[in-house]
Amino acid sequence: MTGPLSNIVHVIGAGLAGSEAAWQVAKSGVPVVLHEMRPDRMTEAHRTDGLAELVCSNSFRSDDAANNAVGLLHAEMRRLGSLIMRAADANQVPAGGALAVDRDGFSAAVTKALNDHPLIEIARSEVKGLPPAEWSNVIVATGPLTSAPLADAIRELTDENALAFFDAIAPIVHRESIDMSVAWFQSRYDKVGPGGTGADYINCPMTKEQYDGFVAALIAGEKTEFKEWETNTPYFDGCLPIEVMAERGPETLRHGPMKPVGLTNPHDPTTKAYAIVQLRQDNKLGTLYNIVGFQTKLKYGEQQRIFRTIPGLEKAEFARLGGLHRNTFLNSPKLLDGQLRLRAQPRLRFAGQMTGCEGYVESASVGLIAGLYAAADARGETLASPPGTTALGSLLGHITGGHIETIEPGTRSFQPMNINFGLFPPLATAPTKKPDGTRLRGNEKTVAKKQAMSALALADLDRWIADHLRIAAAA
């Protein structure tokens, strides 16, 4: 890598956050070394040496920028020239109102872009322990599966125990093994999303008797045993194992991933299903489908036995069974400053899931802003933070202090968070009328409020880009 050593940014970890960070640094005209330990050292969840490999779902969730906070974050990232969003858009598969991707095509696109950039050097080796002292500008984006030597070094440096939670993986089924004389294609409420038709999910109906038996089997099924050091690790509520949800009450799944609303069985249109299991396309060819919301810690044999009791999946062939891995994250509001730098050693900046965000898009967005911050530092400048009215700004606010420090004396309440409108500052004036002048009523007020917050966010982001960024937003 050419250029003064002090001007080189080192990014450790080439997941979604690290890949996006490296791209933003290089796009800003600053040289970067991207360190990735795979394939020399693999993790429990990864299966390839590809950059930005998706290890859980293939969904980036809603792409509705006007009504959904994660869709708004998509739009903001596109305005900022996000590589992750560019690769996602180029490799999308039908998923109703969501943006889902062909995971292999997505990873390949990110890997190629980073390999081809003249200012990016990819170093395939593990960074063991703290980075060398001469690395003056470092982004640590090693994610929930940070290697033990680096995690231990960070823990020792901060004198702070990392919090941890479990993240479960849903199984994937071969499309041809699904019985379509029982199942059918339909998106909930026939909603059409990016690249979709309104019939993008495979639906498997259950009667009350089948549902009750299924829930009982989930609860009784043999699960993966935790190691002693894992037993007190809490789950993140956005990715609960299906059997943990079942244990919370017999109706929990019917009001979660198995809710039967917005769907009509064309094989028996007059009979309302008591519960419905949905499968979402997982690759561009349409040969693989993942079972939506079915993250699990059931043992492999139990998964096959229990999931094949679902109508339509009696002969299901699994391309991948569910699994479980341990995630770690920092108590970021205490340990990091407003620009994601470690207070104890400011040359280290953190990004991605280990900062306390949750979700692919959220992780990548924090990598994006960390890259912009690091590039500004390399030029001897200071970049103003994005407005708190934006999705990106509100997520940063959560990470760097937008939470209640304690629930009760002696405890810490900081937990991973998906982007949501609850993180945004309230509108100065909430909308009360429709464009035609009539008053908003009921749910119309909620919809109008979200749309107003989204419009304000994009307008404020555009002003921030014009005022503070050298590089045009278009990638």
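Which residues have the most contacts inside the largest nonpolar core? Before I answer, please keep in mind that what we are looking at is a predicted model. The residues in question are Phe-60 and Phe-106, and the core in which they sit has 87 residues. Among the contributors to this core, helix H10 gives the most, with 13 residues. Apart from it lies another core, of 32 residues, which includes Tyr-211, Leu-218, Leu-253 and Leu-279.

Phe-106 belongs to H4, where, together with Val-110, Ala-113 and Leu-114, it meets Leu-16, Ser-19, Ala-22 and Trp-23 of H1. Sorted by class, that contact has 7 nonpolar residues and 1 polar residue, with no charged ones. As for the geometry, H1, which runs over residues 16-27, and H4, over residues 103-116, pack at an angle of about 30 degrees with their axes 10 Å apart, and the crossing of H1 past H4 is left-handed.

I would like to finish with helix H12, residues 443-468. At 1.5 Å a residue, its 26 residues should span 38 Å, and because the C-alpha atoms at its ends are 37 Å apart, the model agrees with that expectation.

How values were computed: Residues numbered from 1 in each chain as written. Predicted model: local features only at pLDDT ≥ 70, side-chain atom pairs only at ≥ 80, totals over all residues. Heavy atoms only, no water. Helix = DSSP H or I, 4+ residues; strand = E, 2+ residues; numbered from the N terminus. Expected span 1.5 Å × (residues − 1). Axes fitted to C-alpha atoms, helices over the stretch in contact; angles between N-to-C directions. Left-handed = near helix turned anticlockwise from the far one by under 90°. Contact = heavy atoms within 4.5 Å. Nonpolar A, V, L, I, M, F, W, Y, C, P; charged D, E, K, R; others polar. Core = buried A, V, L, I, M, F, W, Y, C linked by side-chain atoms within 4.5 Å. Buried < 20%, exposed > 50% of the residue type's maximum accessible area, 1.4 Å probe, protein only.
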